[in-house]
Amino acid sequence: MGVQLGAIRRRPKGLAALWNVQNFRYLIQAGFLATVVVMAVRHALLPEGALTSPPSPEAYCPFGGIETLYQWITTGKYIHHATSSSLIVLGGVLLGSLALKSSFCGWICPFGTLQEALTGITRFFERRFRPVARFAKTLKARTRSLEVVDRYLRWGKYLMLAYFLYGTILAARMVFRPYDPYITALNITEATLGPGLIILIATVVLSFFTERPWCKYLCPLSPIVGLVGKLAPTKIERTSTYCKDCAICSVACPMNLPVATASRITAVDCNDCLKCVAVCPRAGALDLVLRWPWSKPAVAAK
Amino acid sequence: MRLNPYVYGIMAVVLFLGVVYGAKAAGVWNTSHRVTESGELITIDVKDVDTVKGWMTFEDVSKAFGIPAGEIFAAMKLPPDTPPAKRLKDVMHANKMEVDDLRDWLKKRAAGAK
């Protein structure tokens, strides 16, 4: 049967090691990213005058749904660049958040995947080339003092959300679109130098040094998904009885959350990638569980 | 109760795609700015400037509103030799403008004519 709770989990070796939750997640993420890339290429090659297909992947962007929601409720119309698909995808994301917390961010969002892939390149070189690893270590040590700045910068996404919601309601148009790095990436062949391209380039460059910079600091969808996700029955919980405080979970967290000191991960920033659960060496110390939103963690943290 | 992470991932995908394909099956899904959910081609309604779409041409706008293309180009400060059969978004973006700028002008013009 299963491993005894609290005992060290035996890691599979060889080919069997390839079959794990994180690789399964990467596979799903890659599937969604590939779908979006194919759609973007097919749309870019769309002949002038074509009526319906292939659609622009913009039609699948949930933020378009947020931007058109007010207009749709008040007038029954969509703002420009939004279609019924924008609202439906938003509905899918919110339903996913209600049931499974931030599963959209960690498992589906193609822009999150792109950022993770770029960070993955750095990690690859860090593992294989010592000078790169040394450089990364030095950089991390020198930028430790910026942790306070990081805390404040995370409020940026709430400001973005408030500003763009207010602007969209006031102007009845997609005020976020010129700033949206995801939309800029989808329309890269038509991109001109503007805020969208600058933010996209900054996100790409920063992704080599820090995980998911757009999600952490500016993504206006992230607070909505995170806040709705607080009602979800899925939780990541740490059981102090079995936890040996190795803090490997905190190190693995791409959003730099203090997993090792929490009894339950309640942060809006958590994207449910489950990296913390995957790296935990002790059976039963850190798990994904089903609980009522108002219930307390099963075992209090130390 | 512990939840298997594999099951969690599968549920995330099924839920998301379920909503998308459910909407498609229900006939409420539309990704096109050119046709409605029922497949009808979107045309310009002169009473509603918002029906002017980026995929339409200057010819379409000129014909619908009865404004000579030259007047539109002059108002938008576009080169007078702009081909009227070009898509609005292509011309506007090439000249660092948005289709919304054209809509705003059409709105102002309509308000001025009243």
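Colleague: Which domains is chain A divided into?

Modeller: Chain A has domain 1, residues 24–226, and domain 2, residues 233–302. Keep in mind that this is a predicted model.

Colleague: What separates the centres of those two?

Modeller: Taken over C-alpha atoms, the centres of domain 1 and domain 2 of chain A are 26 Å apart. In the contact, domain 1 of chain A takes part with 22 residues and domain 2 of chain A with 15 residues.

Colleague: What area is buried between them?

Modeller: About 1,500 Å² is buried between domain 1 of chain A and domain 2 of chain A. Carbon and sulfur atoms give 46% of that area.

Colleague: Which three residues of domain 1 supply more than any other three?

Modeller: Those are A:Lys101, A:Arg154 and A:Glu211, which supply 33% of the area that domain 1 of chain A buries against domain 2 of chain A.

Colleague: How many salt bridges across that interface?

Modeller: The rule finds 5 salt bridges between domain 1 and domain 2 of chain A. One of the salt bridges in the model pairs A:Glu211 with A:Lys275, and their closest N and O atoms are 3.2 Å apart.

Colleague: And how many residue pairs in polar contact?

Modeller: The count is 13 residue pairs between domain 1 and domain 2 of chain A, with both residues at pLDDT 80 or more.

Colleague: Which elements on the domain 1 side give two or more residues?

Modeller: They are helices H1 (21–44), H3 (84–100), H4 (103–108), H8 (156–171), H11 (213–217) and H12 (221–229) of chain A. H4(A) gives the most to that side, with 4 residues.

Colleague: What about the classes of residue there?

Modeller: The side of domain 1 of chain A that touches domain 2 of chain A has 9 nonpolar, 8 charged and 5 polar residues.

Colleague: Switching to chain B. Which domains does the assignment give?

Modeller: Chain B gets domain 1, residues 1–31, and domain 2, residues 49–113. The C-alpha centres of these two domains of chain B lie 41 Å apart.

Colleague: Last topic, aromatics. How many pairs over all chains?

Modeller: The structure holds 19 aromatic pairs over all chains.

Colleague: Take A:Phe24 and A:Trp107. Why is the pair edge-to-face?

Modeller: Their ring planes are at 70°, so the pair counts as edge-to-face, since planes over 60 degrees apart fall in that class. The ring centres of A:Phe24 and A:Trp107 are 6.2 Å apart.

Colleague: Where do the two residues sit in the chain?

Modeller: A:Phe24 is in helix H1 of chain A and A:Trp107 in helix H4 of chain A. The two are 83 residues apart, and the pair links distant parts of the chain.

Technical notes: Residues are numbered from 1 along each chain as its sequence is written. Chains are lettered from A and ligands numbered from 1 in the order in which they are written. This is a predicted model: local features need pLDDT of at least 70, side-chain atom pairs count only at pLDDT 80 or more; totals for chains, interfaces and linings use all residues. Side-chain values use heavy atoms; hydrogens and water are left out. Domain bounds come from an automatic or database domain assignment. Contact means heavy atoms within 4.5 Å. Buried area is the accessible area (1.4 Å probe) that two parts lose on being put together, summed over both. A salt bridge is a side-chain nitrogen of Lys or Arg within 4 Å of a carboxyl oxygen of Asp or Glu. A polar contact is a pair of N or O atoms within 3.5 Å; within protein, one must be able to donate a hydrogen and the other to accept it, and residues adjacent in sequence count only if both atoms are side-chain atoms. Ala, Val, Leu, Ile, Met, Phe, Trp, Tyr, Cys and Pro count as nonpolar, Asp, Glu, Lys and Arg as charged, and the others, Gly among them, as polar. Rings of Phe, Tyr and Trp (its six-membered ring) pair if their centres lie within 6.5 Å; planes under 30 degrees apart count as stacked, over 60 as edge-to-face and the rest as tilted.
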